[in-house]
Amino acid sequence: MTLARMAVRTCNLIHRSFASIPHSNTLHSRQISMDAQSIAAQLNNSGFLRNQGLVGGKWTDAYDGKTIKVCNPATGEVITKVPCMGGRETNDAIASAYDAFSSWSKRTAAERSKCLRKWYDLMIAHRDELGQLITLEQGKPLKEAIGEVIYGASFIEFFAEEAKRVYGDIIPSTLADRRLFVLKQPVGVVGTITPWNFPLAMITRKVGPALACGCTVVIKPSELTPLTALAAAELSLQAGIPPGVVNVVMGNASDIGDALVTSPQVRKITFTGSTAVGKKLMAGAAGTVKKVSLELGGNAPCVIFDDADLDVALKGTLATKFRNSGQTCVCANRIIVQEGIYEKFASAFTNAVQNLNVGDGFGEGVAQGPLINEAAVQKVESFVQDAISKGAKVLLGGKRHDLGRTFYEPTVLTDVKSDMLISREEVFGPVAPLLQFRTEEEAIGIANDTNAGLAAYIFTTNVQRSWRVAEALEYGIVGVNEGLVSTEVAPFGGFKQSGLGREGSKYGMDEYLEIKYVCLGNMNFN
Ligand code: NAP
């Protein structure tokens, strides 16, 4: 197959991965703005555009009446305003969650399971509205946003089923007059802090297992993307989940975070976001010795060996790099290619990236939306400039997109070295840096040379090598010949400074359970 045909085929595959169809034109900005506004108006009319927090089942404003604007990252237009809450509202939400815990935790697993299943059904029934909200406030292409709804809802479905499987143990006793039991019980009120890049899925993979175990939650979504969280909370009420079980506050992040980590009534903090904030929350939670789960930043290596199937490697690398315009913690951050295939890969990859259509997430065929805000674009610019100043070459892009503001051109850099900023930290944008290696040992060394350890990818057709390298990588997740690996049935989480604990899968339940040992003594069993 020629490189050009391979690139076109790969591009089609990537569009399918993003659930999006290629289209040659980007939208005019005035047209974008009108579309987004009419969609927001429709969502408002149908009750999906909520603009209050949820405390104890009541839609609530900030006590001092302050608000924050929620803006469409593609246009900069204000979608709506939500309350700018702080410690007082959070303490009331904690008190509501604490009250609700006593009855929710006593419901049978089957009852909790039914409520969660109903919630899942409602999310799926309203996938279009939830997807539109995600595109409006976060920017990702609509089909990718609807894909997030399906992915996010899958955690609610999966944990609705797991609710019925929280088994204890009976331990053979060392003494004849005793019987030893292990019970698993819900940990209590859970403080849930989530980022903007997956406005729904980062919530559901925490709240699904928490509610399944019998816990209640206070959710703090990012102030940049609170609308999807609020719509999901409204659906939780419609599903029959009792008031107080799910609470949502947003606004002043550090005040809300402080209230959650210091409250003795909150027994668990679960956080997805930056490593810096995660460390702060972990330190804060030490004061009341809470359970803590952290899903933090990554610096994913994507290692392509000479023996890789080039088509598979191109498809997988494009998918992992350019999903959500490069704004995921598992996006390939360093594409490390063996010298024998380097030039060929760089050329075919650049051709494929060139075909990614950039535009407003509501535009037809758009595969790359805006970045979340101008600060994100400035960060990408500074990383690219640092790389260029240290010898990297721009094969494609390397600058802001003509659409302006929050749009950045899909970019490919070659001659990237390990000491460049782009190799050391997450770029969190549509920039693919290509590094070169000679031996397998060297590739493993480069891949592991980071404090992060979330996701890694390898592409090879050698089975022994795939096992050997997967075992040597210091990462919580390894994709072999696959760039999109997240699923509700598999454990998601990192080694090293990428976090603590696992989300999804049967392991995800353990994070919300206490183990209680019961010793039944002084019994005459004869
Ligand atoms: P962030 O700044 O850490 O924000 C994450 C959440 O923490 C937001 O809700 C934010 O609120 C809140 N927050 C900020 N400062 C806080 C404080 N002092 N106390 C309590 N909460 C605070 O991260 P981000 O830039 O939004 O998200 C991107 C990061 O998330 C990347 O590093 C990415 O790798 C990571 N991530 C990790 C995973 C994973 O599973 N490992 C998944 C997705 C993303 P406001 O937004 O309202 O300020």
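Analyst: Let's start with Val70, whose bridge partner in S4 is Thr80. Keep in mind that this is a predicted model, in which local features need pLDDT of at least 70 and side-chain atom pairs count only at pLDDT 80 or more, while totals for chains, interfaces and linings use all residues. Residues are numbered from 1 along each chain as its sequence is written, and side-chain values use heavy atoms, with hydrogens and water left out.

That bridge belongs to strand S3 (residues 67-71) and strand S4 (residues 78-83), an antiparallel pair with five bridges. The labels come from DSSP runs numbered from the N terminus: helices are H or I with at least four residues, strands are E with at least two. Two strands pair if DSSP finds at least two bridges between them. S3 and S4 make a hairpin, with six residues between them, and Gly76 in the turn has a positive phi of about 85°. What holds such pairs together? Strands of a sheet pair through backbone hydrogen bonds, either parallel or antiparallel.

Now hop from that turn to a loop. Thr406 sits in the loop between strand S14 (393-396) and strand S15 (411-414). Skipping neighbours within four places in sequence, Thr406 is in contact (heavy atoms within 4.5 Å) with Pro73, Ala74, Pro370, Leu371, Asn373, Glu374 and Val377. Pro73 and Ala74, then, are among the residues that Thr406 touches. Is Thr406 buried or exposed? Its relative accessibility is 0%, so Thr406 counts as buried. The cut-offs are under 20% relative accessible area for buried, over 50% for exposed, and partly exposed in between, using a 1.4 Å probe and protein chains only.

For contrast, take Lys390, in the loop between H13 and S14. Lys390 has a relative accessible area of 43%, so it's partly exposed. Beyond its neighbours within four places in sequence, Lys390 is in contact with Asp419, Met420 and Leu421. Lys390 and Trp59 are 331 residues apart in sequence, and their C-alpha atoms are 53 Å apart in space.

Next, the antiparallel pairing elsewhere. S5, S6 and S20 line up in that order as an open sheet of three strands with antiparallel pairing. Strand S5 (169-171) and strand S20 (513-520) are the edges, each pairing on one side only. Neighbouring strands here are turned by 25° against each other on average, direction ignored. Strand S6 (residues 179-186) and S20 share eight bridges, and Leu183 has Lys516 of S20 as its bridge partner.

What about parallel strands? Look at strand S13 (residues 332-338), where seven of its seven residues are buried. S13 runs parallel to strand S12 (residues 300-304), joined by five bridges, with Pro301 opposite Arg334 in S13. To get from S12 to S13, the chain goes through helix H11 (residues 310-322) in a right-handed β-α-β crossover. Right-handed here means that, with the strands pointing away from you, the path from the first strand over the helix to the second runs clockwise.

Last stop, two helices side by side. Helix H4 (residues 109-125) and helix H7 (residues 201-213) pack at about 155°, with their axes 9 Å apart. That angle is why H4 counts as roughly antiparallel to H7. For such labels, angles under 35 degrees are roughly parallel, over 145 roughly antiparallel, 65 to 115 roughly perpendicular, and the rest oblique. The axes are lines fitted to C-alpha atoms, for helices over the stretch in contact, and angles run from 0 to 180 degrees between N-to-C directions. On the H4 side the contact is made by Arg112, Leu116, Trp119 and Met123, and the H7 residues in it include Val207, Gly208 and Leu211.
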